[in-house]
Amino acid sequence: MTANQFSCEGIELTLFRYPKQQESNLQAWDAADEHLIKHIIESSQIESSQIESSKSPVNTAIINDNFGALQCGLVAIEPSWPLFVETDAKTSLLGAELNLAANQLPSDNIQRFHSRELLPDTLQLVLMKLPKNLSYFAHQLQRLSQVLPKGTQVLIGAKAKTINKAILALIEKNLGAANASLTWKKTRIITCVADGNKRPLAQAVTWPVEAFNLNISNLSNVFAANKLDIGARIMLDNLPEGEFNNIIDLGCGNGILGLRAAQVYPKANIHFVDDSEMAVASSRHNWQANGLAPNQAQFHWDDCLTHLDEDLVADLVLCNPPFHQGEAITDHIAWQMFLDARKRLAPGGMLQVVGNRHLAYHVKLKRLFKNCNTVASNGKFLILQAIK
Ligand SMILES: C[S@@+](CC[C@H](N)C(=O)[O-])C[C@H]1O[C@@H](n2cnc3c(N)ncnc32)[C@H](O)[C@@H]1O
């Protein structure tokens, strides 16, 4: 079996991570996806025979489906399955669309929601993968508590080693009583039954960056939850001198780099871009809350710079790249960010990157730009500049 061949309970799929061409043999799904699909097929509520006879599977929400394995699995069981898919990551949305198409599966009955849109109140079942960020998980459960009728089953797939009493208590506190299945392939499924009580939603966490007179507010799935990232701090202390008119904050998180850029280069137009919808929303909020000029910022929910307007040409790209995708440690996103930055920069334009020394970004930048200068370092982090 290759890294792309998914096979579970008679369902055969070819599944890719997104972007598809990344150099990795990591899978686009994990055993918890298989466990959830196996559970669905075996469960008494939605047996495959029942599905075949009634042809009307229940309204089902799918949350945190990395690259669409759950969507593809359910649509492969029954193409008319009404699915309500919630994700914060654009790459997850694009990956699911890619995988549905690659397996010739229809998406007509799939409705998509980002992480701040409320799901409908007509759901009868929820399938969910446990995210790494537990504050975000609690927030997702609170959001579900606002819409799920009492008695709705929520099935949460996760690695067995991540499930403990504290997780079950967190689920009970935010949605309803929960218990975990036996272990299968080192994963377990938590079954929660919504108790019908609406919980208040967690508020964004707000903290000051006194040195720059900025207030930063982070929604629950945004990087650097309650304090400035160390890499970002060094970047803020070393912004390049000069005049810049079009700046991209690539992988903006809460927007800290772009906000500071707006102070340092007051005439510049700033583009904030992130894979996380909550990050883009936080950047927009922070721009407004810090009283910056409303018409000098644009906000993009995107995978790197893939879908930005063709005409957009930048003279400075600021980037503090991620070095993981979900649970997988990978440098392919950084590589794509550097490639996209080179494509969007005007001749003479600058990409400035902060990174942990051991990530060796200077090797990548030299390969791409044929030049790379270290403009600051503190032992652990480097600030690198490459000119197009
Ligand atoms: C290390 S954080 C930096 C955040 C912020 N710029 C800072 O310095 O605090 C990396 C950011 O890249 C975003 N990211 C990850 N994959 C991405 C992708 N494919 N396209 C755009 N942004 C991505 C993450 O959501 C995260 O906000």
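**Exercise 1.** At what angle do helix 1 and helix 3 pack, and how far apart are their axes?

*Before you start.* This is a predicted model, in which local features need pLDDT of at least 70, side-chain atom pairs count only at pLDDT 80 or more, and totals for chains, interfaces and linings use all residues. Residues are numbered from 1 along each chain as its sequence is written, and side-chain values use heavy atoms, leaving out hydrogens and water.

*Solution.*
- Step 1: find helix 1 at residues 31-42 and helix 3 at residues 69-77. Helices (H or I, at least four residues) and strands (E, at least two) are DSSP runs, numbered from the N terminus.
- Step 2: the angle is about 25° and the axes lie 10 Å apart. Axes are lines fitted to C-alpha atoms, for helices over the stretch in contact, and angles run from 0 to 180 degrees between N-to-C directions.
- Step 3: the two helices are therefore roughly parallel to each other, a label for angles under 35 degrees.
- Step 4: D33, L36, I37 and I41 of helix 1 meet A69, L70, G73 and I77 of helix 3; contact means heavy atoms within 4.5 Å.

**Exercise 2.** What is the strand order in the open sheet of seven strands, and where are its edge strands?

*Solution.*
- Step 1: read the order as 14-13-12-15-18-20-19, with mixed pairing. Two strands pair if DSSP finds at least two bridges between them.
- Step 2: the edges are strand 14 (297-301) and strand 19 (373-377), each pairing on one side only.
- Step 3: look at strand 13 (residues 269-274), which runs parallel to strand 14 and is joined to strand 14 by five bridges. V273 has H300 of strand 14 as its bridge partner.

How values were computed
Parallel < 35°, antiparallel > 145°, perpendicular 65-115°, else oblique.
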